[in-house]
Amino acid sequence: MIYGYCRISTNKQSIERQIRNIKGLYHDVIIYQEVYTGTKTDGRKQWNQLLKKVKSGDTIIFDSVSRMSRNAAEGFEQYQKLYDAGIELEFIKEPHINTATYKKALNNNVAMTGTKTDIILKAVNEYLMELAKEQIVIAFEQAEKEVTDLHQRTKEGIETARLQGKQIGIAKGTKLTTKKSITTKEKILKYSKDFQGTLNDSDCIQLLGIARNTYYKYKKELKDA
């Protein structure tokens, strides 16, 4: 089976690009997708569901290595574990670290000769293996660095704005109302069995395509209104 894994950090981002890129290569791919903020895989429900589903011979496609992990140590550990389990990994933006490429590097060992030259050849083979591993680690480290740099730029931007006397975030006591929140609340009133509809909370969340925290926040505001 061929699976695709797509992830975005917030509901403000679009996941469609990742899905489109994967389906452009594999039309019948089974997509697992989710919204999750953080560099580690703990708490990613869809990712963990996928890990329980895949078996030896299956393939997982990612739009980029950062979708798998933005923590270098954990990313490589997960990569190695899946590779050892016989699961193929494919990264559209970083094809040089696909498991097929890694496997080729490991299998293309220079044949031993049965002579003293084998001492050199063994060293060459070990070097090739380490080089392949290094490329994978570098890819995950780059993904982790992107997150670190983004956090630093955000922190510096906030500090600059603060020093210039600008309001950071929403002023205390201010209630933010957006067109999207109004529309979403109208749909909750229409579909939720706690109001005018027949759907339970899980079905409503799936239908509306919003985060659970947002759904319950809006629901509470409707009840308190």
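These are my notebook entries on a predicted model of one protein chain.

**Ground rules.** I number residues from 1 along each chain as its sequence is written, and I leave hydrogens and water out, since side-chain values use heavy atoms. Because the model is predicted, local features need pLDDT of at least 70 and side-chain atom pairs count only at pLDDT 80 or more, while totals for chains, interfaces and linings use all residues.

**Overview.** I looked up the elements first. The protein chain has nine helices and four strands. I take helices (H or I, at least four residues) and strands (E, at least two) as DSSP runs, numbered from the N terminus. Their order from the N terminus is β-α-β-α-β-α-α-β-α-α-α-α-α.

Next I looked up burial. I call a residue buried under 20% relative accessible area, exposed over 50%, and partly exposed in between (1.4 Å probe, protein chains only). The chain has 225 residues, and 34% of them count as buried. Its accessible surface is about 14500 Å², with 53% belonging to carbon and sulfur atoms. Those areas come from the Shrake-Rupley method with a 1.4 Å probe.

Then I looked up contacts (heavy atoms within 4.5 Å). Among those with a separation of 6 or more, 59% are between residues 24 or more positions apart.

**Helix H4.** I checked the span of H4, residues 72-84. The expected span is 1.5 Å times one less than the number of residues. For 13 residues that gives 18 Å, and the end C-alpha atoms are 18 Å apart, so the two agree. Buried residues in H4 include Phe76, Tyr79, Leu82 and Tyr83. Glu74 is also on that buried list. After H4 comes glycine 86, with a positive phi near 85°.

**Salt bridges.** Side chains of opposite charge can pair when their charged atoms come close. My rule is a side-chain nitrogen of Lys or Arg within 4 Å of a carboxyl oxygen of Asp or Glu. I get six salt bridges.

Lysine 55 pairs with aspartate 58, with the closest N and O atoms 3.9 Å apart. Aspartate 58 is buried, at 3% relative accessible area.

Aspartate 63 and lysine 93 meet at 2.9 Å, N to O. This pair links distant parts of the chain, 30 residues apart. Aspartate 63 sits in the loop between strand S3 (59-62) and helix H3 (65-68), and lysine 93 in the loop between S4 and H5. Aspartate 63 is buried at 2%, whereas lysine 93 is partly exposed at 47%.

Aspartate 194 and lysine 219 meet at 2.4 Å, N to O. This pair also links distant parts of the chain, 25 residues apart. Aspartate 194 lies in the loop between helix H7 (179-191) and helix H8 (201-208), and lysine 219 in helix H9 (residues 212-224). Here aspartate 194 is partly exposed at 39%, and lysine 219 is buried at 7%. I also found one network, in which salt bridges that share partners join Arg17, Asp63 and Lys93.

**Glutamate 94.** Which loop holds glutamate 94? It is the loop between strand S4 (88-91) and helix H5 (99-107). Glutamate 94 is buried but has no salt bridge. The nearest side chain of opposite charge is lysine 93, 7.4 Å away. Leaving aside residues up to four places away in sequence, glutamate 94 touches Ser64 and Val65.

**Cysteines.** I searched the whole structure for disulfides (cysteine sulfur pairs within 2.5 Å). The search found zero. Cysteine 6 is buried at 0%, and cysteine 204 is buried at 1%.

Definitions and conventions. Lys, Arg positive; Asp, Glu negative; His and termini not counted.
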